[in-house]
Amino acid sequence: METRIFGVRHHGPGCAKALRRELARFEPDRLLVEGPPEGDELLALLDDDLEPPVAILCYRPDEPRQAIFFPFARFSPEWQALQYARERAVPAQFFDLPVGQRFAFIESGRSAGAAEGESLDPLAELALAAGYDDDDRFWEEWFEQRERTSGVFEAIAEAMRSVRDVPTGSAPSTRAESTWEASLESIREAQMRLRMRLAEKDGTQRLAVVCGAWHVPALERMPPQREDRARLRGLRKLKVASTFVPWTYRRLGVASGYGAGVRAPGWYDHLWRYGADAPAAWLARVGHELRRIHRDVAPASAIDALRLADALAAMRAQPRPGYRELMDAAQSVFCEGEGALLEIVERTVAVGERIGR
């Protein structure tokens with residue numbers, strides 16, 4: 001069996017575009033996507049009437065306050081992988097730890113008073129190593145804004161190996177196996193590897209695996225199967241129900257408290273839609289929104305703002321303007337330096353008001 005592992009940022013338009021291209025080249029006959037196995041039965045509902053952003057909601061029927069959401073935007077790599085599978089009639093499944101077992105594990109950990117410890121932020125570590133103090137900006141400039149996608153997943157895998165201290169060919173581990181969070185991660189990854197082995201037994205010839213970038217080193221090198229089974233032995237499983245629910249870009253944002261949230265979902269949606277034409281189209285959109293709230297923005301001002309954004313990108317050694325350059329230029333040219341006015345636009349355009357169905 002030939003297996004390709006695609007490590008992604010959960011809501012990254014650049015990763016999503018690269019993934020669609022790589023899947024078309026690889027032509028897998030089965031897809032495994034990071035997500036709750038309780039959501040497998042919902043995949044039959046994927047059609048043109050299901051409009052992202054949406055989320056899979058998994059909850060305990062006997063205790064509905066205990067619930068977890070798995071959101072998708074149209075620029076989410078996992079969503080695009082599922083759409084590829086639907087269009088090509090390729091079998092697709094979620095292969096993370098079942099939510100029922102996750103709830104039971106969390107419940108047992110809390111009742112035992114287990115310490116959660118300090119979680120590792122791999123993006124922050126990579127950003128610091130690359131000279132960035134903003135991990136969102138680092139990832140956006142290196143992966144999400146690039147139109148050339150060759151070698152992206154190889155680069156992501158190499159970066160994650162360095163963060164997790166896993167040399168090529170060695171067995172994966174987390175840095176702090178004793179902490180509650182690290183134990184849950186190791187159990188999740190054991191489940192993922194078992195599902196990959198099961199796909200091989202089912203006769204899969206070309207397996208595509210789509211997961212969060214952090215998990216790539218742990219899935220590249222398979223420890224003995226008995227070790228993975230031992231990690232999962234004795235786990236209880238609570239009853240869980242699942243359904244699709246509408247979602248919003250505001251709740252997809254990091255400001256909502258969502259752990260995998262992005263700073264500007266509206267900007268990422270724009271990147272997915274416009275690609276290389278994103279800078280000019282973005283400034284036109286910002287100018288339109290300012291006119292809507294009665295701020296005069298002439299076409300000549302949009303041209304000046306684009307030129308300023310290009311100049312800022314060159315000064316900052318960037319190949320083309322990103323979100324920061326475009327908003328700095330808009331504040332300077334459209335708003336005459338007035339930050340409060342631009343904050344109104346950021347809420348409606350950069351975060352966005354899109355609601356799924």
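**Note on a predicted protein model**

1. Glu27 is partly exposed, at a relative accessible area of 45%. Here buried stands for under 20% relative accessible area, exposed for over 50%, and partly exposed for what falls in between, with a 1.4 Å probe and protein chains only. Glu27 is not a glycine, yet its phi is positive, at about 50°. The residue sits in the loop between helix H1 (13-26) and S2; helices (H or I, at least four residues) and strands (E, at least two) are DSSP runs numbered from the N terminus.

2. The structure is a predicted model, in which local features need pLDDT of at least 70 and side-chain atom pairs count only at pLDDT 80 or more, while totals for chains, interfaces and linings use all residues. Residues are numbered from 1 along each chain as its sequence is written, and side-chain values rest on heavy atoms, with hydrogens and water left out.

3. On confidence, the protein chain has an average pLDDT of 88, and 90% of the residues score at least 70; pLDDT is the predictor's confidence in each residue, from 0 to 100. The highest mean, 98, belongs to strand S2 (residues 30-33), and the lowest, 77, to helix H4 (residues 122-129). Residues 166-178 stay under 50 in pLDDT, and the model has 27 contacts for them beyond four places in sequence. A contact means heavy atoms within 4.5 Å.

4. Two further backbone features deserve attention. Most residues other than glycine have a negative phi, and most peptide bonds are trans. Ala89, however, has a positive phi near 55°. Ala89 is placed in the loop between helix H2 (77-88) and strand S5 (92-94), and counts as exposed at 67% relative accessibility. The peptide bond from Pro52 to Pro53 is cis, with omega near 10°. Pro53 belongs to the loop between S2 and strand S3 (54-60).

5. S4, S3 and S7 form an open, antiparallel sheet of three strands in the order S4-S3-S7. The edges are held by S4 and strand S7 (241-246); each has a single partner strand, so one side of each lacks a neighbour in the sheet. From one strand to the next, the twist averages 30°. S3 and strand S4 (residues 63-72) run antiparallel and are joined by seven bridges, where pairing requires at least two DSSP bridges between two strands. The two strands make a hairpin with two residues between them. Ala55 faces Pro71 in S4, and Tyr59 has Ala67 of S4 as its bridge partner.

6. The largest nonpolar core has 49 residues, of which Leu23, Leu31, Ile56, Trp139 and Ile156 touch the most other members. Such a core is a set of buried Ala, Val, Leu, Ile, Met, Phe, Trp, Tyr and Cys residues joined through side-chain atoms within 4.5 Å. Helix H6 (residues 152-163) supplies the largest share of this core, six residues. A second, separate core has 33 residues, including Trp267, Ala309, Cys335 and Val349.

7. Helix H5 (residues 135-144) is mostly covered, with eight of its 10 residues buried. Beyond its neighbours within four places in sequence, Trp139 contacts Arg9, Cys15, Leu123, Glu144, Ile156 and Ala213.

8. The model contains 23 salt bridges, each being a side-chain nitrogen of Lys or Arg within 4 Å of a carboxyl oxygen of Asp or Glu. Arg188 and Glu34 meet in one, at 3.0 Å from N to O. Arg188 lies in helix H7 (residues 180-201) and Glu34 in the loop between S2 and S3, so this pair ties together parts 154 residues apart in sequence. Arg188 is buried at 9% relative accessibility, and Glu34 is buried at 11%.

9. Arg102 and Asp96 form another salt bridge, with closest N and O atoms 3.4 Å apart. Arg102 is buried, at 12% relative accessible area, and Asp96 is buried at 2%. A network of salt bridges links Glu34, Asp96, Arg102, Glu185 and Arg188.

10. Arg60 pairs with Glu107 in a salt bridge whose closest N and O atoms are 3.2 Å apart. This pair links distant parts of the chain, as Arg60 is in strand S3 and Glu107 in helix H3 (residues 99-111), 47 residues apart. Arg60 is buried, at a relative accessible area of 11%, whereas Glu107 is partly exposed, at 34%.

Note on methods: Axes fitted to C-alpha atoms, helices over the stretch in contact; angles between N-to-C directions.
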